[in-house]
Amino acid sequence: MMDVGVKAWAEIVRRVYPDLSILRDRSKWLAGNFKLPAVFIEKDLVSDKVHTPRADRIIEDVGLVFHYDKERADEQDEGEPIPLDLDPFFTYLRQQRFNVASKRFGIVLVIEPPRTRSEKDRIEITFRYSYLLSVEKQPVEKINDFYIETSTT
């Protein structure tokens with residue numbers, strides 16, 4: 001269930017860019033075995049604290065690496081990168097006030113402002129976000145009999 005943050009980010013990206021390839025496998029991403037344009041999603045757990053007896057507050061960092069498509073004249077040509085327009089993505093987050101509810105996983109991501117880093121063929125965006133994760137109630141043995149000592153004085 002700890003992978004729910006990555007899956008929720010994949011759902012958000014899919015809402016904004018339905019035709020974009022989404023990668024979660026690091027080895028496939030490092031090998032470059034994917035179709036452009038694509039986004040690679042990776043998260044890192046920052047903290048996992050008990051919020052209430054029935055919920056934990058999870059704080060994570062997520063990295064979204066948007067790889068641009070390339071304009072090619074022919075198969076031999078390396079091609080020039082065609083930057084992906086990220087305005088719809090940031091507009092969506094602003095419309096949601098950086099509190100995005102996942103319809104599939106039943107969590108609400110509370111997102112902090114992003115940090116971006118542009119490169120020639122991609123842009124990397126990192127966010128810190130938190131969400132509450134429901135914890136199943138542990139069964140407790142019930143006490144049915146009470147023994148009361150009476151004192152005689």
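User: Hi! At 29% relative accessibility, is Arg-15 buried, exposed or partly exposed?

Analyst: Arg-15 counts as partly exposed at that 29%. Buried here means under 20% relative accessible area, exposed means over 50%, and partly exposed is in between (1.4 Å probe, protein chains only). This is a predicted model, where local features need pLDDT of at least 70 and side-chain atom pairs count only at pLDDT 80 or more, while totals for chains, interfaces and linings use all residues. Residues are numbered from 1 along each chain as its sequence is written, and side-chain values use heavy atoms, with hydrogens and water left out.

User: Thanks. Which side chain meets Arg-15 in a salt bridge?

Analyst: That is Glu-11, at 2.7 Å from N to O. A salt bridge is a side-chain nitrogen of Lys or Arg within 4 Å of a carboxyl oxygen of Asp or Glu. Glu-11 is buried, because its relative accessibility is 11%. Helices (H or I, at least four residues) and strands (E, at least two) are DSSP runs, numbered from the N terminus.

User: How many salt bridges does the rule give?

Analyst: The count comes to nine. Arg-117 pairs with Glu-124 at 2.6 Å between the closest N and O atoms, and with Glu-119 at 3.5 Å.

User: New topic: what makes up the largest nonpolar core?

Analyst: It has 32 residues, and those with the most contacts inside it are Trp-9, Leu-64, Phe-66, Phe-89, Leu-109 and Phe-127. The largest share, eight residues, comes from α1. A nonpolar core is a set of buried Ala, Val, Leu, Ile, Met, Phe, Trp, Tyr and Cys residues joined through side-chain atoms within 4.5 Å.

User: And what does Trp-9 touch?

Analyst: Leaving out residues up to four places away in sequence, its partners include Ile-41, Leu-64, Phe-89 and Phe-127. Contact means heavy atoms within 4.5 Å.

User: Which residues of α3 are buried?

Analyst: In α3 (residues 87–95), they are Phe-89, Phe-90, Tyr-92 and Leu-93. They lie on the same side of α3, because they cover an arc of only 155° around the axis. The arc is that of the directions from the helix axis to the C-beta atoms.

User: What about the face turned away from that buried side?

Analyst: That face carries the exposed residues Asp-87, Arg-94 and Gln-95. After α3 comes Arg-97, with a positive phi near 60°.
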